[in-house]
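Work through these exercises with the structure open beside you. Try each task before you read its solution.

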Amino acid sequence: MHPALQILVFTALFAILHLAIMVFCARCLGLVIRSITFGIGPTLYAQGKLSIKALPFSGSLTLKDSREETLETNECLDAFNFQPLWKQVLLPLSAPLCLLLLSFGLLGMQGWTSFLSAFVQIIDGALAPLSTAQDYLHAWDTYATTHTLPLAFALLTTKLCAFNLLPFAGLNGGQALLNLLRWGKPDAPWQASAMIWMLIPGLAILASWVAALAYHFLQTII
């Protein structure tokens, strides 16, 4: 498989595992699940709480939450935003931590080094998508062509976990941070505005890397 295509396949696999782990952990924590959505785009299949979309590069888990639906006082006890602080912080972090442990098991110390370096690489690449990001992607091409598929997947997983742990809204790190800052309170007046400001840099980084990947694909595949 071409290294550029591996990125797409591995990202889709990462998204599926990521959401599956969060669903499993939510059930283990006794949380009420409202809906599970695999992927984005047009709906291909829907049954009960489960929806499967056309593009398997993302997903969402919707929990019972008084900020998302109108609940009576006696219905709030099992709502997510009324849960103990440790549950509200642990759930968003559960999938990245589990996938990191898997990667570390396959890569050893290389996995830890790859994860730590990913934070700088993500920012540097986003600031220069047609130069610095291309250097990182060419390094990926070399690694993917000289190592087995499981090792290549583990390496990319460390980078995707680092991205998901950034403190921006819509990412696991941002969700955990907002829940921590509320310190166990069901809601906070500043949360809506904070989410908007925390969303902008995350979207900018994502958009820059999508552009970098598109350019890389054009250069290496066509």
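The exercises below concern a predicted model, and each solution goes step by step.

**Exercise 1. Length of a helix**

Task: Work out what span the 16 residues of helix H5 should have at 1.5 Å a residue, and check it against the end C-alpha atoms.

Solution. 
- Step 1. Locate the helix. H5 covers residues 149-164.
- Step 2. Find the expected span. The rule is 1.5 Å times one less than the number of residues. For H5 this comes to 22 Å.
- Step 3. Compare. The end C-alpha atoms of H5 are 22 Å apart, which agrees.

**Exercise 2. Surroundings of H5 and H4**

Task: Find which residues of H5 are buried, and which helices they pack against.

Solution. 
- Step 1. Apply the cut-off. Buried means under 20% relative accessible area.
- Step 2. List the residues of H5 that pass. They are Ala152, Phe153, Ala154, Leu155, Leu156, Thr157, Thr158, Leu160, Cys161, Ala162, Phe163 and Asn164.
- Step 3. Draw the conclusion. Twelve of the 16 residues of H5 are buried, so the rest of the structure largely encloses this helix.
- Step 4. Name the partners. The buried residues of H5 pack against H1 (3-28), H2 (85-107), H3 (109-127), H4 (132-146), H6 (172-182) and H7 (191-220).
- Step 5. Turn to H4. Its buried residues are Ala133, Gln134, Leu137, Trp140, Asp141, Tyr143 and Ala144. They pack against H1, H2, H3, H5 and H7.
- Step 6. Look at one residue of H1, glutamine 6. Its relative accessible area is 2%, so glutamine 6 is buried. Beyond its neighbours within four places in sequence, glutamine 6 contacts Met1, Thr11, Trp140, Ala144, Leu149 and Ala152.

**Exercise 3. Salt bridges**

Task: How many salt bridges are there?

Solution. 
- Step 1. Recall the idea. Side chains of opposite charge can pair when their charged atoms come close.
- Step 2. Count. There are three salt bridges.
- Step 3. Take arginine 34 and glutamate 69. Their side chains meet at 3.0 Å, N to O. Arginine 34 lies in strand S1 (residues 33-47) and glutamate 69 in the loop between strand S2 (50-63) and H2, so the pair ties together parts 35 residues apart in sequence.
- Step 4. Take aspartate 78 and lysine 64. Their salt bridge has an N to O distance of 2.7 Å. Both residues are in the loop between S2 and H2, 14 residues apart.
- Step 5. Take arginine 67 and aspartate 65. Their closest N and O atoms are 2.6 Å apart.

**Exercise 4. Two helices side by side**

Task: Are H2 and H6 roughly parallel or roughly antiparallel?

Solution. 
- Step 1. Take the geometry. The axes of H2 and H6 come within 9 Å and cross at roughly 170°.
- Step 2. Apply the cut-off. Angles over 145 degrees count as roughly antiparallel. H2 and H6 are therefore roughly antiparallel.
- Step 3. List the contact residues. H2 brings Leu85, Gln88, Val89, Pro92, Leu93 and Pro96. H6 brings Asn172, Gln175, Ala176, Asn179, Leu180 and Arg182.
- Step 4. Sort them. The contact of H2 with H6 holds seven nonpolar residues, four polar and one charged.

**Exercise 5. Two single residues**

Task: Decide whether serine 51 and tryptophan 183 are buried or exposed.

Solution. 
- Step 1. Judge its accessibility. At 19%, serine 51 counts as buried, because the cut-off is under 20%.
- Step 2. List its contacts. Leaving out residues up to four places away in sequence, serine 51 touches Ile36, Thr37, Phe38, Tyr45 and Ala46.
- Step 3. With a relative accessible area of 62%, tryptophan 183 is exposed.
- Step 4. Check the backbone. Most residues other than glycine have a negative phi. Tryptophan 183 has a positive phi, near 50°.

How values were computed. Residues are numbered from 1 along each chain as its sequence is written. This is a predicted model: local features need pLDDT of at least 70, side-chain atom pairs count only at pLDDT 80 or more; totals for chains, interfaces and linings use all residues. Side-chain values use heavy atoms; hydrogens and water are left out. Helices (H or I, at least four residues) and strands (E, at least two) are DSSP runs, numbered from the N terminus. Buried means under 20% relative accessible area, exposed over 50%, partly exposed in between (1.4 Å probe, protein chains only). Contact means heavy atoms within 4.5 Å. A salt bridge is a side-chain nitrogen of Lys or Arg within 4 Å of a carboxyl oxygen of Asp or Glu. Axes are lines fitted to C-alpha atoms, for helices over the stretch in contact, and angles run from 0 to 180 degrees between N-to-C directions. Angles under 35 degrees count as roughly parallel, over 145 as roughly antiparallel, 65 to 115 as roughly perpendicular and the rest as oblique. Ala, Val, Leu, Ile, Met, Phe, Trp, Tyr, Cys and Pro count as nonpolar, Asp, Glu, Lys and Arg as charged, and the others, Gly among them, as polar.
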